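Me: Could you take me through this protein chain, one question at a time? I am new to structures.

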Amino acid sequence: MVLYSPGRTTSYPDHPVKEGIRLHFLGGGNEVGNVGCVLEDKTGTRLLIDYGLAPTRPPKYPSECPPIDHAIITHSHIDHIGMAPWLVGHHQTTLHGTELTAAVSEMMWRDTYKVSNIEGYPLPWDLRDLDVALDAWQTHNFGEWFDIGEWRLRFHRAGHIPGAAMIEIETPELRLLWGGDMDTRNSPNVGGAKPVSCDILCIESTYGGREHPNRVEEEARFVARVKEIVSRGGVALVPAFASGRCQDILRILHDAAPHLEVHFDGMGTRITQHWMNNPQYIHEPNGLEKMWRWARKIRSKSDRKKALNSDVIVTTSGMLDGGPAIWYLNRLRHDPANAILLTGYQAEGSGGRSLLDNRKLPIFGNITPIELDVDQFQLSNHAGHSELESYVRACGPRHVVFFHGDVEARQAIGAEFTQEPKPSFPLNGTPLELK
Ligand SMILES: [Zn+2]
C-alpha cells in the first residue's frame, strides 16, 4: 500500500533558484491525475499548484509538499484537490480558486473521507483538517489580478468543468500559463479555453496521440442508442461522474429527447445545486435551469423504485465502483431489454473496466456476471491531440511543459514540437528549471 508519511517523503530541493523558474512535480508529472507542483523563482516567491490524490485502490498520493503559504487549486476534481486539507492542516496554506471550485470542494472532500472509511484505506488528513480547509479559501473571478509575493496572477476559464481555471503567472522575469485540466471545445455546460500568450506553457497531455470523435456526432450516437433501448421497453442506465459528466448527459438528453423520463441520482444532484448558485460559470445557464426542472431528482427509496420503470437513470459512480449505479444495476440486470451506457474512460481495476473486459463486476462484494448490452461513448472534457497542438501554437510560448500524461501520450504530443517551443517532459521528484 502506498502510504503517506509526512516528514520523510518530500523530494523538494533546498537550494535557491538562480534564474527563471523552477517547477518541481510532487505528483502528476509523468502520470495522469495525482497532481501537485511547486513553482519557485529567485525572489523566493513559491506556490503550489493543486494537491490531489489518485482514487485508485489503494489510493496514491503526491509526495510531501514543503512548507507553503499559498496553493492554486485549478478545479474541484479529487485528483487535483484531494490532499488540500492536509496542506491547510499542516502548513496553514491559503487556497486560491474560483468561487465554484471552493463551493464544491467540501462535498468532494467529505466523499473522499467517506470512501476511505468504507474501503479501509488510511487518509493522511482528518475531519479537523477538512474543517479548517473550508475556511482557507480565497476566491478570485476570472481575469482578476491578485498578488502572491513578487508575482501577479489571474485565472482564466479552462473549459473541462464549470469553475475550472488556468492560472497565468507574471514573475519579474517571465509569464507562465498553467493550463490545468482543460478543453478548448465547448461542452454542454462550459465554454472552451481561449489561448493566453506566455513564455512557458504547462499543459496536460492526457489525450496526447489520441483524437476525439466529433463531439456533435458522438452525442447524436448516444441519444440514438438511448432511444433504441427505450423503444424496446428497456431502461438505459448511464453511470457518469458527479462533477461534469452527469450534468452534460442530462443537458444532451433534455435538448434532444425531452419526452423521455429521466431520473438523476447521486452526488451529482448536490453538485448541480452549486452550479445553479454560480450561473456565471455555466455555458447558457438557462439551459441548465430548464434541465434541472425537467430531470426527476431521486430523494428517497421509493423514488429509486419508481426510476426502475422509467426510461433513463443517470447516476454515480461513473466507473461503476459503487454509488447508486450499483444498486440500480443489481435490479436492472435481470431484464435483457435494459442496457448500460458508459460515458467515459474506465480505469484499470474499475468495475466498468471489468464489465467491458470480462462481462462481470463486483456487486456488493460478489463478482456478478452481467448479460446486458454495454456501450461506451467518448464524451471527454479534456482536449484531444489536435486541440492540444493548436492550443500550444496559439499561446506562442518558448517552452512547453507536457505533464499529466503517461509516457506514450507525452511522447506523441511532444513529437509535434521539436524546436520552438521547446518541449519538456518533467518527472515527479526531479526539478525542472526554465528561463
Ligand atoms: Zn479534472
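Reply: Happy to! Two residues are in contact when their C-beta atoms, placed from the backbone, lie within 7 Å. The model is predicted, with local features needing pLDDT of at least 70 and side-chain atom pairs counting only at pLDDT 80 or more, while totals for chains, interfaces and linings use all residues. Residues are numbered from 1 along each chain as its sequence is written.

Me: Which residues does Leu153 touch, leaving out residues up to four places away in sequence?
Reply: Leu153 sits in strand S8, residues 151-157 (strands are DSSP runs of E, at least two residues, and helices are runs of H or I, at least four, numbered from the N terminus). Its contacts beyond four places in sequence are Trp145, Phe146, Ile148, Ile167, Glu168 and Ile169.

Me: Is Leu153 buried or exposed?
Reply: A residue is buried with 20 or more other C-beta atoms within 10 Å of its own, exposed with 12 or fewer, and partly exposed in between. Leu153 has 21 C-beta neighbours inside 10 Å, so Leu153 counts as buried.

Me: Which strands stand at the edges of the sheet?
Reply: The open sheet has 7 strands in mixed pairing, in the order S7-S8-S9-S10-S11-S20-S21; strands pair if DSSP finds at least two bridges between them. An edge strand has a single partner, so one of its sides has no neighbour in the sheet. The two edge strands are S7 (146-148) and S21 (422-424).

Me: What angle does helix H12 make with strand S11?
Reply: S11 (residues 200-204) pairs with S20 (residues 399-403) in the parallel sense over 5 bridges, and Glu204 has Phe403 as its bridge partner in S20. Helix H12 (residues 385-395) packs on this sheet, touching S10 (175-178), S11 and S20. Angles run from 0 to 180 degrees between N-to-C directions, with axes fitted to C-alpha atoms, for helices over the stretch in contact. Between H12 and S11 the angle is about 165°.

Me: How far apart are the C-alpha centres of domain 1 and domain 2?
Reply: The domain assignment gives domain 1 (21-210 + 381-434) and domain 2 (215-376), with bounds from an automatic or database assignment. The two are in contact through 22 residues of domain 1 and 18 residues of domain 2. Their C-alpha centres are separated by 28 Å.

Me: Which residues of helix H7 are buried?
Reply: Helix H7 spans residues 267-277. Its buried residues are covered by elements including H3 (99-119), H6 (245-256), S13 (262-265), H8 (285-294) and S14 (296-297). Those buried residues are Met267, Gly268, Thr269, Ile271, Thr272, His274 and Trp275.
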